[in-house]
Amino acid sequence: MKLDQIVRQLGVRVRTTEDKVKEVEVKGGYASDLLSDVIGNAKEGYLWVTLQTHANILAVAKLKDIAAILLVNSRKPDADTLEKAEKEGIVLLESDLSTFELVGRLYEMGIR
Amino acid sequence: MDVLILEIDDDGVGMDEEMVRKAADPFVTSRTERDVGLGLALLAQAAEMANGKITIESKRGKGTHVKATFQYSHIDRKPLGNVGDTLITLICGNAEIDFTFYHKWPLREVRISTKEMKERLGRANLDYIDTAREVRRRLQ
Ligand SMILES: Nc1ncnc2c1ncn2[C@@H]1O[C@H](COP(=O)(O)OP(=O)(O)OP(=O)(O)O)[C@@H](O)[C@H]1O
Ligand SMILES: [Mg+2]
């Protein structure tokens, strides 16, 4: 599924690298706030759902070729995180919903 | 004193001033196999989460000193984890490096030195059995 379909259907805000949203393909999803767990279990092309806003999430996303990072509960990325995400071409999304609600909806949409 | 202090000293290649400034940036690394360097970035994040910070001092050709502080009672301070297994992996995976480990609690202290272990056992190199036995006995 294309990322922009997810963005529209969930009504999430795109914070960085907007130009990539149309082209990025989402192959699956993973939800975790423990970076070592994401390194171990997330796969290339996955949408990653997390509450972490530290710039280290970007390096993990880059390492794992994550499709996009979705921040939950209206959490705002740190200024440093926004700047680095744009520079590294990583899509950062923001939602007011909780991880539980977002993952439920994504799963219903067919993201597994 | 409500603090946990972790200090690592080495006599390795060291860093110049600019590198010291950037070393904790997760996108800064001198590795060539990947373009992220997470070690210091994750240590800094862990310290900051627990009301602490890291400081790095280094001199090219001399070595490096890394210090991380954590508020011991902070709810988000990560547990120390399995220090024994970490040490065993470090020692066995880097036979050419001598390690000295020192842990001081309020009422107890432990020191493990690979140089002393080699002398006492009369060996030039430590194998896995020697290392695991010594480390586990001392950290009990
Ligand atoms: N003790 C040290 N001595 C010399 N240079 C260091 C030292 N620690 C870090 N550096 C320099 O800082 C860079 C970033 O270090 P960091 O530990 O954050 O990531 P890394 O070692 O590159 O990768 P990783 O830790 O993820 O395996 C290193 O690539 C290296 O150039
Ligand atoms: Mg490192």
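**Chain contacts and the ligand site in a predicted two-chain model**

Put together, chain A and chain B bury about 990 Å² between them, and 68% of that sits on carbon and sulfur atoms; buried area here is the accessible area (1.4 Å probe) that two parts lose on being put together, summed over both. On the chain A side, A:Asn56, A:Ala59 and A:Lys84 lose the most area to chain B, together 42% of what that side buries. This is a predicted model, in which local features need pLDDT of at least 70 and side-chain atom pairs count only at pLDDT 80 or more, while totals for chains, interfaces and linings use all residues. Residues are numbered from 1 along each chain as its sequence is written, chains are lettered from A and ligands numbered from 1 in the order in which they are written, and side-chain values use heavy atoms, with hydrogens and water left out.

Counted by residue, 12 residues of chain A are in contact with 11 residues of chain B, contact meaning heavy atoms within 4.5 Å. Two salt bridges run between chain A and chain B, a salt bridge being a side-chain nitrogen of Lys or Arg within 4 Å of a carboxyl oxygen of Asp or Glu. A:Lys62 and B:Asp35 meet through their side chains in a salt bridge, at 4.0 Å from N to O. There are also four residue pairs in polar contact between chain A and chain B, both residues at pLDDT 80 or more. A polar contact is a pair of N or O atoms within 3.5 Å; within protein, one must be able to donate a hydrogen and the other to accept it, and residues adjacent in sequence count only if both atoms are side-chain atoms.

As for which pieces of chain A do the touching, α2 (35-41), α3 (56-64) and α4 (79-88) each supply at least two residues of the side that touches chain B. Helices (H or I, at least four residues) and strands (E, at least two) are DSSP runs, numbered from the N terminus. α3(A) gives the most to that side, with five residues. By class, the side of chain A that touches chain B has six nonpolar, three polar and three charged residues. Nonpolar covers Ala, Val, Leu, Ile, Met, Phe, Trp, Tyr, Cys and Pro; charged covers Asp, Glu, Lys and Arg; the others, Gly among them, count as polar.

Over all chains the structure holds 20 salt bridges. One pairs the side chains of A:Asp80 and A:Lys84 at 2.9 Å, N to O. These two residues are separated by about one helical turn because A:Asp80 and A:Lys84 are four residues apart in helix α4 of chain A.

Chain B comes to five helices and five strands, which follow the pattern β-α-α-β-β-α-β-β-α-α along the sequence. Its C-alpha trace spans about 45 × 40 × 25 Å along the principal axes.

Ligand 1 has 15 residues around it, with B:Asp10, B:Thr29, B:Ser30, B:Arg31 and B:Leu38 coming nearest; a residue is near if one of its heavy atoms lies within 4 Å. The shell divides into six nonpolar, six polar and three charged residues. A polar side-chain atom of B:Arg31 lies 2.7 Å from an oxygen atom of ligand 1, and one of B:Arg34 lies 3.3 Å from an oxygen atom of the ligand. On B:Thr64, a polar side-chain atom lies 3.3 Å from a nitrogen atom of ligand 1.

A:Asp65 is in the loop between α3 and β4 (68-71) of chain A, and B:Asn51 lies in the loop between α2 (39-49) and β2 (54-59) of chain B.
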